[in-house]
Amino acid sequence: FLDREFGIGSRFYGALALEYSGDTIGAISGYQGVISHNPEGYFTPEAAWRIARMFYNARAFDRAIQEYADFLQTYPRSPFIDDVLMDLARIYDQVYVHQNFDIAIKLYDRLLNDFTESPHHDTAQARKKFILENYF
């Protein structure tokens, strides 16, 4: 009911408050409401990114991979793309059950080439170098 009275922003900030309070299920539900009620809206890409990030932080990596892949497909111009690429690369680089260094290298390369000003740039470069020196 929040968006009827105060707009979609109130729904987003309500979900954000739930996320910060530790109510992951409530936050995901709130963010999904933002996405479903306003698929092209200002808050929608961030809501989708936050859902994926919560699965990543919860170590639900199968679901995080799925959410991040959907995010890359749906929001290719989002300001969160470098964060998504870094999280995906970390999964394929460092999570044993998902480890695939070829995919990790491709993700690090995309981040390094397309997002030279990203705060993840140095970490991506170091991880790529580590993989190449130790696994190839």
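The model is predicted. Helix 2 spans residues 8–21. Asparagine 100 sits in a loop, and aspartate 82 is in helix 6.

**Helix 2**
- Helix 2 has 14 residues.
- From its first C-alpha to its last, helix 2 reaches 20 Å, close to the 20 Å expected at 1.5 Å a residue.
- Buried residues in helix 2 include Ile8, Gly9, Ser10 and Arg11. Phe12, Ala15, Leu16 and Glu19 are also buried.
- Glycine 22 follows helix 2. The phi of glycine 22 is positive, near 95 degrees.

**Asparagine 100**
- The loop that holds asparagine 100 runs between helix 6 (81–94) and helix 7 (101–114).
- Asparagine 100 counts as partly exposed because its relative accessibility is 29%, between the 20% limit for buried and the 50% limit for exposed.
- A polar atom of the asparagine 100 side chain lies 3.2 Å from the backbone nitrogen of isoleucine 103.
- Glutamine 125 is 25 residues from asparagine 100 along the chain. Their C-alpha atoms are separated by 17 Å.

**Aspartate 82**
- Aspartate 82, in helix 6, is buried yet has no salt bridge.
- Leaving aside neighbours within four places in sequence, aspartate 82 is in contact with Leu111, Phe115, Ser118, Pro119 and His120.

Terms used:
Residues are numbered from 1 along each chain as its sequence is written. This is a predicted model: local features need pLDDT of at least 70, side-chain atom pairs count only at pLDDT 80 or more; totals for chains, interfaces and linings use all residues. Side-chain values use heavy atoms; hydrogens and water are left out. Helices (H or I, at least four residues) and strands (E, at least two) are DSSP runs, numbered from the N terminus. Buried means under 20% relative accessible area, exposed over 50%, partly exposed in between (1.4 Å probe, protein chains only). A polar contact is a pair of N or O atoms within 3.5 Å; within protein, one must be able to donate a hydrogen and the other to accept it, and residues adjacent in sequence count only if both atoms are side-chain atoms. The expected span of a helix is 1.5 Å times one less than its number of residues. Lys and Arg count as positive and Asp and Glu as negative; His and the chain ends are not counted. A salt bridge is a side-chain nitrogen of Lys or Arg within 4 Å of a carboxyl oxygen of Asp or Glu. Contact means heavy atoms within 4.5 Å.
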